[in-house]
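Biologist: I have a chain open here and would like to go through it with you. Can you put it up?
Modeller: Here it is.

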Amino acid sequence: MIRENSSGILEYFAVVMGSIITIVLGTWIPLMTTLLVLNATDVVTGVMKGGIRHSVGSRQFYAGIKKKGGHWILIIVANAVDSMAFDNMPIAKTGMVSFLIGTEGISITENVAILGVPVPKFITKYLVQIRDVNDDMHKEFKS
């Protein structure tokens, strides 16, 4: 009897949390899964890089985690734009997630290069181009 009740509470909690996440993030698109994997990979490679440099610290770790949280807040904002302007089509969200995937790719590439992993020139060239375009967009946005 207690086991059934506990299971019911767990199911209720899962439904409530799932509903809240769906309302806030909208429909889950495959790019969001990619971003989630890259977020985790960036954290792991960042910790590994800190280990190589003997600079693993909770301050840098929590700053990185807060940055990842900021990424997901931007996705929430993009989802709100989609619901208001695009009849819930994930247009702004797709753009935002794609942008964030690019920034995560740059960070992971920098981390593994510091770890001594050889990175092909064409990848670094492409990522630098993405970074430069993003920097230019950021400067225009601030103006």
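**Loop, helices and salt bridges**

Modeller: D87 is found in the loop between α3 and α4. This is a predicted model, in which local features need pLDDT of at least 70 and side-chain atom pairs count only at pLDDT 80 or more, while totals for chains, interfaces and linings use all residues. Residues are numbered from 1 along each chain as its sequence is written, and side-chain values use heavy atoms, with hydrogens and water left out.

Biologist: What is phi of D87?
Modeller: Phi of D87 is near 50°, a positive value in a residue other than glycine.

Biologist: And D87, buried or exposed?
Modeller: D87 is exposed, with a relative accessible area of 67%. Buried means under 20% relative accessible area, exposed over 50%, and partly exposed in between, with a 1.4 Å probe and protein chains only.

Biologist: What about N88? Where is that one?
Modeller: N88 lies in the loop between α3 and α4. Phi of N88 is near 65°, a positive value in a residue other than glycine. N88 is exposed, at a relative accessible area of 53%.

Biologist: Stepping back, what is the secondary structure of the chain?
Modeller: Five helices and zero strands. Along the sequence the pattern reads α-α-α-α-α. Helices (H or I, at least four residues) and strands (E, at least two) are DSSP runs, numbered from the N terminus.

Biologist: Contacts in the chain: what share do residues 24 or more positions apart account for?
Modeller: They account for 69% of the contacts with a separation of 6 or more. Contact means heavy atoms within 4.5 Å.

Biologist: New topic. How many salt bridges?
Modeller: The count comes to two salt bridges, each being a side-chain nitrogen of Lys or Arg within 4 Å of a carboxyl oxygen of Asp or Glu. Side chains of opposite charge can pair when their charged atoms come close.

Biologist: Which residue forms a salt bridge with D42?
Modeller: K68, with the closest N and O atoms 2.4 Å apart. The pair links distant parts of the chain, K68 in helix α3 (residues 58-85) and D42 in helix α2, 26 residues apart. The two side chains also make a polar contact at 2.4 Å. A polar contact is a pair of N or O atoms within 3.5 Å; within protein, one must be able to donate a hydrogen and the other to accept it, and residues adjacent in sequence count only if both atoms are side-chain atoms.

Biologist: And the salt bridge of K68 with E104, how far apart are the N and O atoms?
Modeller: The closest N and O atoms of K68 and E104 are 3.1 Å apart. That pair also joins distant parts of the chain, K68 in helix α3 and E104 in helix α4 (residues 91-114), 36 residues apart.

Biologist: What else does D42 touch?
Modeller: Not counting residues up to four places away in sequence, D42 touches K68, E104, S107, I108 and N111. The side chain of D42 makes a polar contact with the side chain of S107 (2.6 Å). The C-alpha atoms of D42 and E104, 62 residues apart along the chain, are separated by 6.7 Å.

Biologist: Which residues is K68 in contact with?
Modeller: Leaving aside neighbours within four places in sequence, K68 is in contact with N39, D42, V43 and E104.
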